[in-house]
Amino acid sequence: MSPVSVSILALILLFVVGTVLPVNMGALGFVAAWLVGMYSLGLGERDIIDGISGDLILTLVGVTYLFAIARNNGTVDLIVRAAVRAVGGRVVLIPWVMFAVTAVLTAIGAASPAACAIVGPIALGFAGRYRINALMMGMLVVHGAQAGGFSPISIYGVITNSVMAQNNLPVDELAVFLTSLLVNLAIAIALFFTLGGRQLASRRLGREEADDAEDIGSGPDGRGETGGPSGGGVAAPASTGTATSARATATGTATDTVDPADPAVARRRFTDQLITLVAFAAVAFVALVFERNIGFTAITAAVILTALFPKEQKGAIKQIAWPTVLLVAGVSCFAAVLSEAGAPEAVGTWAAGLGTILIGALVLCYVGGITSAFASSTALLPIIVPIAIPLIASGSVSAVAVVAALAVSSTIVDVSPFSTNGALMVANRPDTISEEKYYKQVLHYSVLVTLAGPLLVWAAVVVATWI
């Protein structure tokens, strides 16, 4: 077999084994890179190791470290509570608050499944208590996570923009981010009106109910634990890097040993949270305006916060998304081997030869969407983008538009119950609906998104050529 065929076969096996078996796909990527590189391409081990993107790994560590501190010191809890207070008694706004909070969390560096694990139990607790359609609420959380998922300092955004830069493609961080934001917002609006959101406009909470609403997610009614009806359920999986349960992350920290009712402690904690919010803003400003490495700036901010408030940051390093780092390191290493074998060019040339360049782009959008519905979106992004290079090289389509369409098509399908985000929503369904019924609702919706989503994204982004 030719090196191209061997590498493509190894890629297929990587996703199949990674989906069927509980093995980190990054570890599989390292194995595949070593075997294919050594015995099919004749590469040295040093050459294979050089395929790992140090810049990407540094950024992932820095961003998730900073977010771990925000989760550990209660800044995430502060954001959620502030959003709930903003709702007041307006039930109609509750789903949109959950959408916005999840988007903010992923935009500032949370892994998408981690954000869903934090907000999902709270959102579905609201749905059960205040008779809001559970499918609408759960899917708005997932689409919210994807809406913010391609910000310049997010995990998806960092991966996509880094891969584009490494492959000498034009980088437009804002265009990719806005594409994901607008597509997921449009889907959320359609879901909201289709599933009865308009009827919520006439309902309001009393003052006592509004006060109680802030505590949903920390008690049994709010299903604060990420569990199903029997209390087992699906906690944030290993690939998210989440070291605590959804309840622990949603309520601030699982390591506090001080009395939060102490006024001095409360003041210090609020100061810590305020400075953390400023740190996030500073990282974004320095990285975007002065074009400094996001990884270095995020780690610098995390170190400063740890030095200022050492007790509150205890255990934050352990909460860095190490499994995600392994995932991206292994897959990026194998992606370099694929590139050396010429696999991206072969697949891209095949897609480009399907009648027209536009049809080739549509096929790749479906390849990304269908694969990601059963596998890791984080692992897919470093591979799917280089495959599009032969299409882009024709010059008849916008490079940024094709990459944005591929990125969004590969992530909107994370509503699937076979993906981490969809599984978290099923596991945290409210008691007002049976597990089987809710699972079928999520499954049917995910099939619709997988079949129609890539086509609509392709039409809106690539064919419309607004980018």
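1. On a 1 Å grid over the protein atoms alone, a pocket is an open set of points where a 1.4 Å probe fits, with protein on both sides within 12 Å along at least five of seven lines, and its lining residues have an atom within 4 Å of a point. The structure discussed here is a predicted model, in which local features need pLDDT of at least 70 and side-chain atom pairs count only at pLDDT 80 or more, while totals for chains, interfaces and linings use all residues. Residues are numbered from 1 along each chain as its sequence is written, and side-chain values use heavy atoms, leaving out hydrogens and water.

2. The second largest pocket holds about 560 Å³ of space, a volume being the space filled by probe spheres set on the grid points. Its lining comprises 29 residues, with Leu11, Leu338, Ile383, Ile384 and Ile387 nearest the centre. Among the helices (DSSP runs of H or I, at least four residues, numbered from the N terminus) that each supply at least two lining residues are H1 (3-20) and H15 (322-341). H18 gives the largest share, six residues.

3. By class, this lining has 22 nonpolar, seven polar and no charged residues. Here Ala, Val, Leu, Ile, Met, Phe, Trp, Tyr, Cys and Pro count as nonpolar, Asp, Glu, Lys and Arg as charged, and the others, Gly among them, as polar.

4. Ser112 belongs to helix H7 (residues 112-129). Ser112 counts as buried because its relative accessibility is 6%; buried means under 20% relative accessible area, exposed over 50%, and partly exposed in between (1.4 Å probe, protein chains only). Leaving aside residues up to four places away in sequence, Ser112 is in contact with Thr106, Ala145, Gln146, Tyr156 and Asn421, where contact means heavy atoms within 4.5 Å.

5. Gly453, in helix H22 (residues 435-463), is likewise buried, at 9% relative accessibility. Beyond residues up to four places away in sequence, Gly453 touches Ile412 and Leu448. The C-alpha atoms of Gly453 and Ser410 are 9.5 Å apart, although 43 residues separate the two along the chain.

6. The whole structure contains six aromatic pairs, meaning rings of Phe, Tyr and Trp (its six-membered ring) with centres within 6.5 Å; planes under 30 degrees apart count as stacked, over 60 as edge-to-face and the rest as tilted. Trp96 and Phe192 form a tilted pair, 5.3 Å centre to centre with 50 degrees between the planes. This pair links helix H6 (residues 94-107) to helix H10 (residues 173-194). Trp96 is partly exposed at 21% relative accessibility, whereas Phe192 is buried at 5%. Trp96, Phe99, Phe192 and Phe193 form one aromatic cluster.
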